[in-house]
Amino acid sequence: LLGHLAYLIGFNMPPPQLASIWTIGLAIVIGLGSVRVLRRIVSSLREKGQNQLVVPVIIYGVVITLMLLAAMLTLFRPDWDATAALLVGFGAAFFYFSDITLAWHRFVNPIKNGRMLNIGMYHIAQIMIVLGVAMQFG
């Protein structure tokens, strides 16, 4: 959670300019997709009687969704190099899907090779984000 918060802050430094129709559209698509996935995970938690995990999972889901959005919005920022923004955006997407895979595997249905898939995407994500940030700020 703290790592996602750090990325979220970092991707918004300096603060972005006003939103455009494209950035609003992207926010809507990411938001609706995340709500759908979170609803399924939360539903499964409640079905299994793991109600104590509902609020932490929702908080984590909101933070990682905001981190993904902030990373993807670097693609629309004139102060970001296009290649660096692509690396950060794809890296954040891998990070997001890594965490969804982990949550789904643990709380909804086991996924064949789910843990290996989760760890693989996580490491690819970190490499891409670090390379993108290094290109942008290094």
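Q: How many salt bridges does the structure hold?
A: Side chains of opposite charge can pair when their charged atoms come close. In this predicted model, the structure holds one salt bridge.

Q: Which residue forms a salt bridge with arginine 77, and how far apart are the closest N and O atoms?
A: The partner of arginine 77 is aspartate 79. The closest N and O atoms of the pair are 3.0 Å apart.

Q: Does arginine 77 count as buried or exposed?
A: Arginine 77 has a relative accessibility of 9%, so it counts as buried.

Q: Which residues make the contact between H1 and H3?
A: From H1, the contact is made by His4, Leu5, Tyr7, Leu8 and Phe11. From H3, the residues are Tyr60, Val63, Ile64, Leu66, Met67, Ala70 and Ala71. Sorted by class, the contact of H1 with H3 has eleven nonpolar residues, one polar residue and no charged residues.

Q: Are H3 and H4 roughly parallel or roughly antiparallel to each other?
A: Helix H4 covers residues 82-108, and its axis comes within 8 Å of the axis of H3. The two axes cross at roughly 160 degrees. An angle over 145 degrees counts as roughly antiparallel, and H3 and H4 are therefore roughly antiparallel to each other. Their crossing is left-handed.

Q: Which residues make the contact between H3 and H4?
A: H3 contributes Val57, Tyr60, Ile64, Thr65, Met67, Leu68, Ala71 and Met72. H4 contributes Ala85, Val88, Gly89, Ala92, Ala93, Phe95, Tyr96, Asp99 and Phe107. By class, the contact of H3 with H4 has 14 nonpolar, two polar and one charged residues.

Q: At what angle do H2 and H4 pack?
A: The angle between H2 and H4 is about 25 degrees, and their axes are 9 Å apart. These helices are therefore roughly parallel to each other. The crossing of H2 and H4 is left-handed.

Q: Which residues of H2 and H4 meet?
A: On the H2 side are Gly33, Ser34, Val37, Arg40, Ile41, Ser44 and Leu45. On the H4 side are Tyr96, Ile100, Ala103, Trp104, Phe107 and Val108. The residues of the contact of H2 with H4 divide into nine nonpolar, three polar and one charged.

Q: Turning to the backbone, which residues does a cis peptide bond join?
A: A cis peptide bond joins methionine 13 and proline 14, with omega about -10 degrees. Proline 14 is found in the loop between H1 and helix H2, which covers 21-47.

Q: What is the phi of asparagine 113?
A: Asparagine 113 has a positive phi of about 60 degrees, although it is not a glycine. Asparagine 113 is found in the loop between H4 and helix H5, the latter covering 114-137. At 46% relative accessibility, asparagine 113 counts as partly exposed.

Q: Which residues does phenylalanine 94 touch, not counting residues up to four places away in sequence?
A: Phenylalanine 94 lies in helix H4. With those sequence neighbours not counted, phenylalanine 94 touches Met121, Ile124, Ala125 and Met128. The C-alpha atoms of phenylalanine 94 and tyrosine 122 are separated by 6.6 Å, and the two residues are 28 residues apart along the chain. Phenylalanine 94 counts as partly exposed, at 28% relative accessibility.

Q: Where is arginine 115 found?
A: Arginine 115 is found in helix H5. Its relative accessibility is 42%, so it counts as partly exposed. Not counting residues up to four places away in sequence, arginine 115 touches Leu102 and His105. Arginine 115 and valine 37 are 78 residues apart along the chain, and their C-alpha atoms are separated by 18 Å.

How values were computed:
Residues numbered from 1 in each chain as written. Predicted model: local features only at pLDDT ≥ 70, side-chain atom pairs only at ≥ 80, totals over all residues. Heavy atoms only, no water. Contact = heavy atoms within 4.5 Å. Helix = DSSP H or I, 4+ residues; strand = E, 2+ residues; numbered from the N terminus. Nonpolar A, V, L, I, M, F, W, Y, C, P; charged D, E, K, R; others polar. Salt bridge = Lys/Arg side-chain N within 4 Å of Asp/Glu carboxyl O. Buried < 20%, exposed > 50% of the residue type's maximum accessible area, 1.4 Å probe, protein only. Axes fitted to C-alpha atoms, helices over the stretch in contact; angles between N-to-C directions. Parallel < 35°, antiparallel > 145°, perpendicular 65-115°, else oblique. Left-handed = near helix turned anticlockwise from the far one by under 90°.
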